[in-house]
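Biologist: I have a chain open on my screen and would like to go through it with you. Could we take it piece by piece?

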Amino acid sequence: MTNPTYQTSGSKLGVTPKLIAGGLAASFAAACAFGTKLGLDVHTPFLGGVGNLAEDVKLSLPFEPINALSIPTWAIHFSSVFEYLFAMDLIWKFADATSNEKWKGLTWGMLPLHASGIAACTYHFFYNPSSLQFLVELQAFFTLLGNVTCAIAAYRIAISNGWTLGELNPFPKSDISPVGIAVDEAAALPYNVVEAKDTEIELAVKLTALTLVASYAIKYGELALDLPLSQNGIAAGGIVFGIPAITGFLYYNRGKEEGGEGTSLPSFLSGKDGEKPMLSMADVKKYGVSGTVAYVITELMFWAVAFPVASTTLYQTTGHWPDVINDNADRAAVLGFIFAGANIARLLVPLRLGAALALAPWVDANIINREGASEKQP
């Protein structure tokens, strides 16, 4: 029995949300195109500084740097942070609604992205000094890491629902898949009804209140502190790593109280109860020569990308492109970047094996057995 109030298509609000979204997108595009002609400067407050304190009140406060964020800009940052925390909580609860503990792994996977948002807010808290530029790189790293961990979590959820790597093949041998039928039947099962503690309106009020309080507290509260102007890298790092660590600790305790998979960080490398890896080189070898060739192609793709990325990184760091032929320092730097990337890639072995498995059928049909397939054609 499914939910009788579920709508298979359309929205109860009609096209209104689409019109609003389209209008906002058009306004943003117009601002980008004609902003400089409207008298907007580099340090012009966003939305005219709506919500900022009056000038006479601001003059009574300590000095504020010219690149300090306006209240609307802080509100955008903090609303994103709080929305993400709300989403992590909802996904954790969704594990109970679906009786699938793998959803809690997605909450853990979102933690690095939460850290990425904290890194951005921390950089602005210190008024964006060039000496703390590492916070920008740290934000980019956490974003990359979070995208990977969320992809891993999504993979684990898909596997738990009956999805297989074979479904990545864009040219299935049969239009009717018994696995697909089983997955469709499982998807039609009703969810467990879990009563929400807060209504949508209450959540919106909480989000608005948290955003406004945090925006005003940081913008004007930090003026009473010496820390924001100190450019203290240790303090900045403590904020970036400390807040996500507290969030992770709270979810760890929450999982410990509830029991189940949420008690510990989920592993992508192991199967049920840690018996054996989900993917290994043995799975690739099952495809014979096609599997081996597919794995070689995926490895070559990594190295084909590694050198341009390493060269671009060196350029962004030093301001010049590497001369790997004549300059030993540049050669060592590029090789160092590639070595570091290779070590990170070692952590992504399951993804690389999965890519090889997905590519194996295509390799078999288009490279290994291409001539045979051509001879069979009339």
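Predicted model: local features only at pLDDT ≥ 70, side-chain atom pairs only at ≥ 80, totals over all residues.

Biologist: What share of the residues in the chain is buried?

Modeller: Of the 378 residues in the chain, 27% are buried. Buried means under 20% relative accessible area, exposed over 50%, and partly exposed in between, using a 1.4 Å probe and protein chains only.

Biologist: And what share of the contacts comes from residues 24 or more positions apart?

Modeller: Among contacts in the chain with a separation of 6 or more, residues 24 or more positions apart account for 74%. Contact here means heavy atoms within 4.5 Å.

Biologist: Let us turn to α5. How many of its residues are buried?

Modeller: In α5, 13 of the 15 residues are buried, so this helix is largely enclosed by the rest of the structure. Its end C-alpha atoms are 21 Å apart, which agrees with the 21 Å that its 15 residues should span at 1.5 Å a residue. The expected span of a helix is 1.5 Å times one less than its number of residues.

Biologist: At what angle do α5 and α9 pack?

Modeller: The angle between α5 and helix α9 (residues 233-258) is about 145 degrees, and their axes are 9 Å apart. Axes are lines fitted to C-alpha atoms, for helices over the stretch in contact, and angles run from 0 to 180 degrees between N-to-C directions.

Biologist: Which residues make that contact?

Modeller: On the α5 side they are L111, H114, A115, I118, A119 and T122, and on the α9 side A236, I239, V240, I243, P244, T247 and G248. By class, the residues of the contact of α5 with α9 are nine nonpolar, four polar and no charged. Ala, Val, Leu, Ile, Met, Phe, Trp, Tyr, Cys and Pro count as nonpolar, Asp, Glu, Lys and Arg as charged, and the others, Gly among them, as polar.

Biologist: Is T247 buried or exposed?

Modeller: T247 is buried, with a relative accessible area of 11%. Leaving aside neighbours within four places in sequence, T247 is in contact with L85, M88, L111 and H114.

Biologist: Which residue with a positive phi follows α5?

Modeller: That residue is Y127, with a phi near 65 degrees. Y127 lies in the loop between α5 (111-125) and α6 (134-160), and Y127 is buried at 7% relative accessible area. N128 is partly exposed, at 25% relative accessibility.

Biologist: What about S130, buried or exposed?

Modeller: S130 counts as exposed, at 66% relative accessibility. The C-alpha atoms of S130 and Q231 are separated by 9.1 Å, although the two residues are 101 residues apart along the chain.

Biologist: Moving on to α6, which of its residues are buried?

Modeller: The buried residues of α6 include L135, F142, C150, Y155 and R156. This helix has 27 residues and reaches 39 Å from its first C-alpha to its last, close to the 39 Å expected at 1.5 Å a residue. After α6 comes G162, with a positive phi near 100 degrees.

Biologist: One more topic: which side chain does E64 join by a polar contact?

Modeller: The side chains of E64 and K219 are joined by a polar contact of 2.9 Å. A polar contact is a pair of N or O atoms within 3.5 Å; within protein, one must be able to donate a hydrogen and the other to accept it, and residues adjacent in sequence count only if both atoms are side-chain atoms. E64 sits in the loop between α2 (55-59) and α3 (71-98) and counts as buried at 19% relative accessibility.

Definitions and conventions:
Residues numbered from 1 in each chain as written. Heavy atoms only, no water. Helix = DSSP H or I, 4+ residues; strand = E, 2+ residues; numbered from the N terminus.
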